[in-house]
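This briefing is meant to be read alongside the sequence and the model.

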Amino acid sequence: MSEQVYDSAASAEVLTGPDRTDPLPQTGDAPEGLGCHSGSEMARAARMAGQSEMLDQFARDYPQGPHDKPQSMCPAFGSLRVGLRMRRVATVLSGSACCVYGLTFVSHFYGARRSVGYVPFDSETLVTGKLFEDIRESVHQLADPDRFDAIVVTNLCVPTASGVPLRLLPDEIDGVRIVGIDVPGFGIPTHAEAKDVLAGAMLDYARREIEAGPVAAPEGGRSDRPTVTLLGEMFPADPMMIGAMLAPLGLAAGPVVPCREWRELYAALDCGAVAAIHPFYSAAVRVFEAAGRPVVGSAPVGVEGTRTWLAEIGAAFGLPADRVAAAQNAFLPAIRDALDKAPVQGRITVSGYEGSELLVARLLIESGAEVPYVGTACARSRWSEADAAWLEGQGTRVTFRASLEDDLAAMEGLRPDLAIGTTPVVQKAKALGVPALYFTNLISARPLMGPAGAGSLAQVINAAIAGKDRMDAMRAFFDGVGTGETAGVWEGAPNLHPEFRARYAKKLEKQARAAKAEQMI
């Protein structure tokens, strides 16, 4: 076994594997030379390696859209972030060095403050099965019950396609739980849904522990009221606001899943109902339903959303109608007042990959905005049906598994007063002189629920729409400097080489024909 090496640039701790001088060695090729953008080719290799059952479950949980590979960041970032945010949980990645470097870089960019374990490999250890032995050795090396409650081991694309069997790892070592998951880009479409992969795996492990005997109580003790577990990451103020709205019903807000520590998983399962605030947690819902917990979709956003949500929560607990009405009467006027005091005027398109796009659109419409298009990278589910139906009733086109091309076409065709979307959508909108806001950093970072959420978006939305004149001035200032390969100030005509473009197009066409011929063989 090689010595442990710590690389501060990538914050990845190499636990074991081929002896190299480079702490982040370049790995061997994927099966048949495939890379992580090979889509269906990579999936075919995984099925040949015995991963069909897992991929079929992924297909049921996270139905594919128009693309067979992600258009956003690596999906494994979602599950990695969930693990890194949990106390007393270690994370180990098995994948190509470039993937591990990128994932650790992004995770630390978003505030992770701990190392990520990494088990490197080369072509020999991948093919001979030595990689699995190295992974098993690494978890034994890490399993210190004084430091960790659990260790999460994640297979990225290449080990998944090669059939590295994390299911054969021990369930626990010296009291430290071992949770192995596969998060391949060719099976998990978005990083949001990768959060569900880990959340579902942890909930399932915790459910089996509960069935086996007594488990640890929550750090703050059990609630004296029935609880509602909240499914989906949200702004920190939202769970408190939901708890306040549940109080008149005689209920309390339970843990938020994904959880921050292991014992919260027990409390999450010990609930009376689950609120699927984010509708894409298919694996987690499956565990809750197996435990006999009813699941309620949508969320308490705006007046109409809150009214319906409180009624459905009441029905899930079998509460009397007058108690539900009292809770509605306690909060709906305050929400209406907040909306009236912070109106939003303008045409807005909404798109993103967080899973809360439909909720944001509902809140914007109740604030007075026109929202003709909502695109979400997540798939349609039964927990998003109510929101989709409400939006469509308002004249909004809702596109599930929306591609970047869908979002760009909607923005360019509708020319809204404001485009809310992902980085490439915002970039394109600003290039066209359309005010735009990045969904993840500027919209998700605000409360949405109840009275607190009702007026939270108006200030940033109205300020962005009011910046249209500034966008026009910038476009006028930079007019004529060119775009793409002609960008910049030229003394003469730009040096264009259309023959290079034509030659490269022929090369791509030849490669496509060769690939098609191989498929036919």
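A residue is called buried when its relative accessible area is under 20%, exposed when that area is over 50%, and partly exposed in between. The model described here is a predicted one. Phe-58, with a relative accessibility of 8%, therefore counts as buried.

**Aromatic pairs**

- The count of aromatic pairs in this model comes to three. In one of them, Phe-58 and Tyr-62 have ring centres 6.2 Å apart and planes at 40 degrees, so this pair is classed as tilted.
- Tyr-62, the partner of Phe-58 in that tilted pair, is buried as well, with a relative accessible area of 1%.
- The rings of Phe-280 and Tyr-281 have their centres 4.6 Å apart and their planes at 25 degrees; because planes under 30 degrees apart count as stacked, this pair is stacked. Both Phe-280 and Tyr-281 are buried.

**Charges over rings**

- Arg-208 lies over the face of Tyr-205, at a distance of 5.1 Å from the ring centre.
- Arg-362 is placed over the face of Trp-390, at 4.4 Å from the centre of the ring.

**The four-stranded sheet**

- Four strands form an open sheet in the order E9-E8-E10-E11, and their pairing is parallel. Its edges are strand E9 (252-257) and strand E11 (295-296), each of which pairs on one side only.
- Strand E8, made of residues 227-231, pairs with E9 in the parallel sense over four bridges, and within this part of the sheet Thr-227 stands opposite Ala-252 in E9.
- Helix H10 (residues 262-269) packs on this sheet, where H10 touches E8 and E9, and the direction of the helix makes about 130 degrees with that of E9.

**The five-stranded sheet**

- A further open sheet, of five strands, has the order E14-E13-E12-E15-E16, again with parallel pairing. Strand E14 (397-400) and strand E16 (436-438) are the edge strands, each pairing on one side only.
- On average, and with direction ignored, neighbouring strands of this sheet are turned by 10 degrees against each other.
- Strand E12 (residues 347-352) and strand E13 (residues 370-376) run parallel and are joined by five bridges; the bridge partner of Arg-347 in E13 is Glu-370.
- Helix H14 (residues 357-366) packs on the sheet and touches E12, E13, E14 and strand E15 (418-421), with its direction at about 175 degrees to that of E13.
- Helix H16 (residues 404-414) lies across E12, E13, E14 and E15, and runs at about 165 degrees to E13.

**Helix H15**

- Ala-386 is found in helix H15, which covers residues 385-393. With a relative accessible area of 43%, Ala-386 is partly exposed.
- Although Ala-386 and Thr-308 are 78 residues apart along the chain, their C-alpha atoms are separated by 9.7 Å.

**Cysteines**

- The structure holds zero disulfides.
- Seen from Cys-271, the closest cysteine sulfur is in turn that of Cys-259.
- Both of these cysteines fall below the burial cut-off: Cys-259 is buried, with a relative accessible area of 4%, and Cys-271, at 8% relative accessibility, counts as buried too.

Notes. Residues numbered from 1 in each chain as written. Predicted model: local features only at pLDDT ≥ 70, side-chain atom pairs only at ≥ 80, totals over all residues. Heavy atoms only, no water. Phe/Tyr/Trp six-rings, centres within 6.5 Å; stacked < 30°, edge-to-face > 60°. Buried < 20%, exposed > 50% of the residue type's maximum accessible area, 1.4 Å probe, protein only. Lys NZ or Arg CZ within 6 Å of the ring centre and 35° of its normal. Pairing = 2+ DSSP bridges. Helix = DSSP H or I, 4+ residues; strand = E, 2+ residues; numbered from the N terminus. Contact = heavy atoms within 4.5 Å. Axes fitted to C-alpha atoms, helices over the stretch in contact; angles between N-to-C directions. Disulfide = S-S within 2.5 Å.
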